[in-house]
There are 4 protein chains.
Amino acid sequence: MPDQFDLPRRLAAEALGTGILVATVVGSGIMAETLTKDVALALLCNTLPTGAILVVLITVLGPISGAHFNPAVTLVFTGKRELPVNDAALYVVAQVAGGIAGTMAAHLMFGLPLIDLSAKIRTGGPQWFAEAVAAFGLVATIVAGIRFQRAAVPWLVGLYITAAYWFTASTSFANPAVAIARSLTNTFAGIRPTDLPGFILAELCGAFAAMLLMNWLLGPPQARGPIPIAETTL
Amino acid sequence: MPDQFDLPRRLAAEALGTGILVATVVGSGIMAETLTKDVALALLCNTLPTGAILVVLITVLGPISGAHFNPAVTLVFTGKRELPVNDAALYVVAQVAGGIAGTMAAHLMFGLPLIDLSAKIRTGGPQWFAEAVAAFGLVATIVAGIRFQRAAVPWLVGLYITAAYWFTASTSFANPAVAIARSLTNTFAGIRPTDLPGFILAELCGAFAAMLLMNWLLGPPQARGPIPIAETTL
Amino acid sequence: MPDQFDLPRRLAAEALGTGILVATVVGSGIMAETLTKDVALALLCNTLPTGAILVVLITVLGPISGAHFNPAVTLVFTGKRELPVNDAALYVVAQVAGGIAGTMAAHLMFGLPLIDLSAKIRTGGPQWFAEAVAAFGLVATIVAGIRFQRAAVPWLVGLYITAAYWFTASTSFANPAVAIARSLTNTFAGIRPTDLPGFILAELCGAFAAMLLMNWLLGPPQARGPIPIAETTL
Amino acid sequence: MPDQFDLPRRLAAEALGTGILVATVVGSGIMAETLTKDVALALLCNTLPTGAILVVLITVLGPISGAHFNPAVTLVFTGKRELPVNDAALYVVAQVAGGIAGTMAAHLMFGLPLIDLSAKIRTGGPQWFAEAVAAFGLVATIVAGIRFQRAAVPWLVGLYITAAYWFTASTSFANPAVAIARSLTNTFAGIRPTDLPGFILAELCGAFAAMLLMNWLLGPPQARGPIPIAETTL
């Protein structure tokens with residue numbers, strides 16, 4: 001489907017989508033922590049807008065670029081040979097650039113300095129395991145969703161992230177480009193720049209594990225016996 | 001699709017829809033601020049009903065009038081030559097009148113004076129930028145949604161506004177008719193009448209920017225080279 | 001579609017559906033007011049389960065009985081001659097009986113006396129106007145939803161009630177059978193029995209007004225001029 | 001549909017799905033009780049992720065294994081002769097094993113000991129009745145949903161559980177495998193191991209009652225009179 005749109009439009013869609021996604025994550029976090037002292041309520045008011053905007057962005061930009069908005073997802077599709085390596089590299093650049101612009105747009109809306117490095121500590125084994133689980137679930141959801149019910153993928157991703165914000169101890173970044181952009185805001189959704197490598201590595205591991213598992217799980221059920229000749233020749 | 005219904009019915013649908021939308025925004029704001037002192041919780045209880053009623057109103061009134069409920073949206077469709085200028089002018093009158101009636105209905109339900117000018121200050125560069133972003137996202141969502149998945153537009157708009165209430169610093173009015181109606185209530189959802197021009201101008205700028213970007217982004221991908229003859233003659 | 005199922009099954013579906021609906025309204029209200037002192041939060045935790053269960057009940061019982069669960073809705077369909085008067089009377093009996101059983105089931109689950117008359121005052125002009133608005137919106141949503149997108153009606157009703165809990169000052173009972181059942185619980189969702197007549201009368205007025213308006217709004221657009229002969233003879 | 005995938009893949013899907021479901025229930029409970037002291041808010045932040053992940057898991061794993069994730073549901077399908085008894089036994093083993101792994105994964109993400117027996121008392125008549133109601137509603141929703149709108153079942157289950165968390169006094173475990181897994185966590189979502197038998201028995205009773213009622217309610221409407229010959233011979 002991405003073939004219908006030329007590369008500049010696809011890159012614009014990736015940058016725009018990642019930018020609005022990050023603006024939503026960062027902006028709703030600022031709004032929430034400004035209005036309440038209850039951290040669970042703040043996280044809820046951070047969660048629901050994020051889940052909602054994902055449904056919107058994937059629906060309206062998916063037909064243009066595939067709506068990855070996420071280097072880990074782009075890597076998976078490149079690994080499945082559905083995206084050329086050159087395009088993938090440009091996708092990642094567009095995602096990171098768009099994400100950073102998203103942080104800046106959120107800061108501009110809330111009258112903050114454009115860039116403000118985060119001091120929020122997010123590190124250690126449990127956090128890394130949580131990020132791996134978050135990315136594992138996201139990629140599994142996308143791959144299996146495309147296989148069984150492509151039209152529902154925007155909803156599945158929005159709902160998955162809504163859940164993962166809460167069941168993973170890391171609040172499920174699950175996205176290297178978004179993680180980088182979130183390191184540039186010293187607000188609710190931030191992450192200390194020095195903690196980025198651990199998060200990104202964990203996310204890539206989780207995504208890779210999901211790709212391996214789904215390759216087996218969704219594969220043809222050959223274990224039941226040899227495929228009849230009629231099927232193999234058709 | 002609007003052609004199936006005559007102009008009086010279409011105007012009635014625009015007035016009714018904008019009225020119920022404003023009654024929801026204003027009424028849920030009154031209910032919320034009456035029941036809690038936590039402002040984030042109040043905004044959440046203002047957000048969810050607004051998102052929910054948008055899905056309902058656009059689904060059931062869209063087939064009649066197109067379900068604009070918003071002068072900025074009406075302007076975009078007029079700019080795309082999908083609505084005659086005369087009809088558009090009447091749409092805007094119906095939206096503003098319906099919106100004001102919506103504020104009055106909410107006040108009547110909660111036992112307040114029918115009209116009570118707001119004293120809530122909403123002004124300044126960050127607020128205006130936020131309103132421009134809010135309207136930009138709304139129009140982009142609508143235009144791209146109609147292009148790729150028309151049946152999902154009610155959901156996309158409801159979910160977009162659910163997110164934009166939180167990620168824009170202005171809580172995303174994104175609608176000149178609703179803004180005017182909200183200037184007549186001195187409650188949670190109000191806006192000082194003197195702050196209206198800044199909001200409305202920002203909204204129109206954002207809507208116009210979205211129209212320009214979407215015209216390019218959704219345009220035919222001619223950059224890939226000349227269209228084959230076979231395609232042009234079919 | 002109701003014709004596919006015999007009357008006993010349709011009445012059982014109406015009783016079961018109204019019962020689960022009331023058990024949800026009353027039960028979630030008890031759970032919420034037990035767990036928090038914030039009334040807005042309690043109402044939110046009363047709202048979301050109610051909206052959710054409506055989507056479920058209308059989807060799975062609609063094909064059996066039409067999923068009215070509401071005498072005001074049954075009256076509207078009887079007025080439109082889509083349900084015989086005798087069946088309608090039995091529908092209303094099943095709804096009221098099912099609703100009362102729902103209150104008792106909720107009380108049993110929470111270890112309360114089966115029946116406990118409510119002392120919660122809900123009366124006066126603003127409350128009555130709010131109930132009329134609530135029922136008006138519900139009936140308009142159902143009638144227009146059936147006309148334009150029948151498959152979406154469960155979602156439309158669930159979302160409408162989610163909004164109406166908040167934008168109407170009465171928290172949108174909008175249902176005489178549910179109102180009666182709620183008079184038998186002295187908990188969050190209750191209503192003083194002496195306040196029932198005002199609520200029920202207001203609901204019926206709102207439903208009737210919606211039926212009138214929708215008859216005109218959804219009517220054939222004959223105002224545009226005489227129908228061409230070709231159309232009238234087809 | 002499960003026939004398309006061999007038994008190992010189906011069992012893997014049951015284990016994976018139950019595992020992620022339990023990780024969501026337990027993990028979001030830990031996150032919520034860590035971040036707030038308001039128990040209603042904590043339950044809400046436990047509810048929404050659970051409902052959301054159910055929609056995702058049933059959509060993406062349903063085509064592989066049927067997405068039971070629940071011994072009570074597996075028993076119902078076995079009773080309806082849609083699953084061989086041997087497969088059903090293995091399904092239950094996979095569900096319980098996957099559920100326990102889910103608790104352990106949640107503990108690992110939040111830096112807790114892998115297993116920690118719950119001390120949370122959940123017992124007594126009202127709780128058992130609530131669990132029976134919860135499982136009754138779940139099975140009725142699934143059976144009727146499959147009959148009338150199979151594609152909507154993931155949504156129906158997610159929405160049903162969202163409601164049942166609040167309207168049942170037991171917060172609707174409704175699932176013996178999940179109950180066992182929740183006995184191994186001494187956090188928000190836990191249940192004392194000694195209270196398991198009462199819950200499981202109540203769940204099975206509720207599921208059985210729903211199967212009986214639905215067999216009648218959804219049965220052919222023969223009560224209306226003898227079937228015409230033309231129909232019986234076709």
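## Charges, fold and symmetry

In chain A, the 12 positive charges (Lys and Arg) and the 12 negative charges (Asp and Glu), with His and the chain ends not counted, have mean positions 4 Å apart, each charge being placed at NZ of Lys, CZ of Arg, CG of Asp or CD of Glu. This is a predicted model, in which local features need pLDDT of at least 70 and side-chain atom pairs count only at pLDDT 80 or more, while totals for chains, interfaces and linings use all residues. Residues are numbered from 1 along each chain as its sequence is written, and chains are lettered from A in the order in which they are written, with hydrogens and water left out of side-chain values, which use heavy atoms.

Chain A holds nine helices and zero strands, where helices are DSSP runs of H or I with at least four residues and strands are runs of E with at least two. The radius of gyration of chain A, taken over C-alpha atoms, is 18 Å, which agrees with the value near 17 Å that a compact globule of 234 residues would have under the rule of 2.2 Å times the number of residues to the power 0.38. Of these 234 residues, 62% count as buried, meaning under 20% relative accessible area with a 1.4 Å probe and protein chains only.

Turning to the copies, a rotation of 90° with 0.0 Å of shift along its axis superposes chain C on chain D with an RMSD of 0.0 Å, by least squares on the C-alpha atoms of residues with pLDDT of at least 70 in both. That is the relation of a four-fold axis.

Note on methods
Buried means under 20% relative accessible area, exposed over 50%, partly exposed in between (1.4 Å probe, protein chains only).
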